[in-house]
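Please consult the sequence and the structure below alongside the text.

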Amino acid sequence: MNTIANTNNLSVNNRGFNFFDAHCHLQEPEIIWDIDGIISRWRENSGGTIVCCGTKESDWQAVANIASIYDNIIPCFGVHPWFVEDVSDKWFYSLEKYLNITSNYYKYSKPLIGEIGIDHVLKNIDKKKQEIIFKTQLGMAKELHIPVSIHIRKGWDILIKIIKNIGQISNGGVIHSYSGSADMIPILQKYGFYISFSGSVTHSNNKKVQKSLKQVSPERLLIETDSPAILPYYPYLESENQQSIYYDSSNPKWTTKLFQMGLNEPCNIFMVATAISKILDIPLSEVALRTDSNGKELFLKR
Ligand SMILES: [Zn+2]
């Protein structure tokens with residue numbers, strides 16, 4: 001697992017610019033076995049910074065380990081809404097401990113809290129407990145002046161209620177894999193949030209997310225893979241001749257073994273960025289440079 005450790009110094013790939021993956025989960029068992037390959041492919045094809053988000057107490061150490069082995073991986077620790085019923089009595093103190101040691105792993109990174117949030121699409125998770133754990137972590141972020149990475153599905157009213165109640169998160173945060181309406185974008189930006197888009201934007205029939213993307217201010221835009229989830233749509237796999245708006249002529253045959261297994265990884269971020277460049281009608285390099293700069297602004301120490 002450590003054969004290519006500590007050699008990545010923001011290397012520039014053959015495109016001449018780097019991508020910034022603002023949200024993924026390299027610690028997940030489905031992909032961790034191929035971590036050396038994942039990091040190699042990332043460096044060869046995209047090369048920049050990755051934010052690796054924990055989701056539950058039991059995976060925080062794995063996130064810390066990955067960040068300690070590979071450069072330019074920012075660890076992020078939090079309790080995801082799907083796992084609020086699994087927390088131990090000492091989860092809060094454990095989270096504090098991991099936040100305090102972030103700089104041991106990557107000295108340029110601020111401590112980060114995530115992935116946290118509200119998910120009312122899944123009906124079997126205690127809504128009250130989700131809200132309490134989310135609010136506790138947001139309060140902690142505000143007190144410690146650190147950014148947050150937020151997951152919201154059908155919980156926008158609760159997010160706004162909590163922010164109005166505790167006040168704006170002082171170091172900002174990101175709404176990851178944005179799925180809300182275009183109308184919410186100005187409100188979220190007003191509260192200091194960045195908006196991140198995942199592989200869901202690569203589906204040409206997803207008009208809602210494309211409409212939302214067009215509402216985002218350039219200085220608030222981020223991109224992510226959410227690996228190993230949200231595999232991007234890549235038309236080349238269906239037809240060699242298909243010149244879709246998401247076709248990447250610089251790398252037309254790009255797929256990985258994980259991709260063919262239905263698993264996402266950070267090197268696929270160019271598919272998300274390509275889709276965004278087509279939808280916004282701006283060069284791919286501009287999407288990469290803008291989102292890399294925004295990611296550094298939010299997540300790194302100045
Ligand atoms: Zn996630």
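Axes are lines fitted to C-alpha atoms, for helices over the stretch in contact, and angles between N-to-C directions run from 0 to 180 degrees. The model is predicted: local features need pLDDT of at least 70, side-chain atom pairs count only at pLDDT 80 or more, and totals for chains, interfaces and linings use all residues. Residue numbers start from 1 along each chain as its sequence is written. Helices (H or I, at least four residues) and strands (E, at least two) are DSSP runs, numbered from the N terminus.

**Helix 6 and helix 7**
- The axes of helix 6 (residues 127-144) and helix 7 (residues 156-166) come within 11 Å and cross at roughly 40 degrees.
- The two helices, helix 6 and helix 7, are therefore oblique to each other (under 35 degrees is roughly parallel, over 145 roughly antiparallel, 65 to 115 roughly perpendicular, and the rest oblique).
- Glu131, Phe134, Lys135, Leu138, Gly139 and Lys142 of helix 6 meet Ile158, Ile162 and Ile166 of helix 7 (contact requires C-beta atoms, placed from the backbone, within 7 Å).

**Cis peptide bonds**
- Gly114 and Glu115 are joined by a cis peptide bond with omega of about 5 degrees, and Glu115 belongs to strand 4 (residues 113-119).
- Ser227 and Pro228 are also linked by a cis peptide bond, with omega of about 5 degrees; Pro228 is in the loop between strand 8 (221-223) and helix 10 (257-260).

**Positive phi**
- Asp226, not a glycine, has a positive phi of about 55 degrees and lies in the loop between strand 8 and helix 10.
- Asp281, in the loop between helix 11 (269-280) and helix 12 (284-299), has a positive phi near 55 degrees.

Note on methods:
Two residues are in contact if their C-beta atoms, placed from the backbone, lie within 7 Å.
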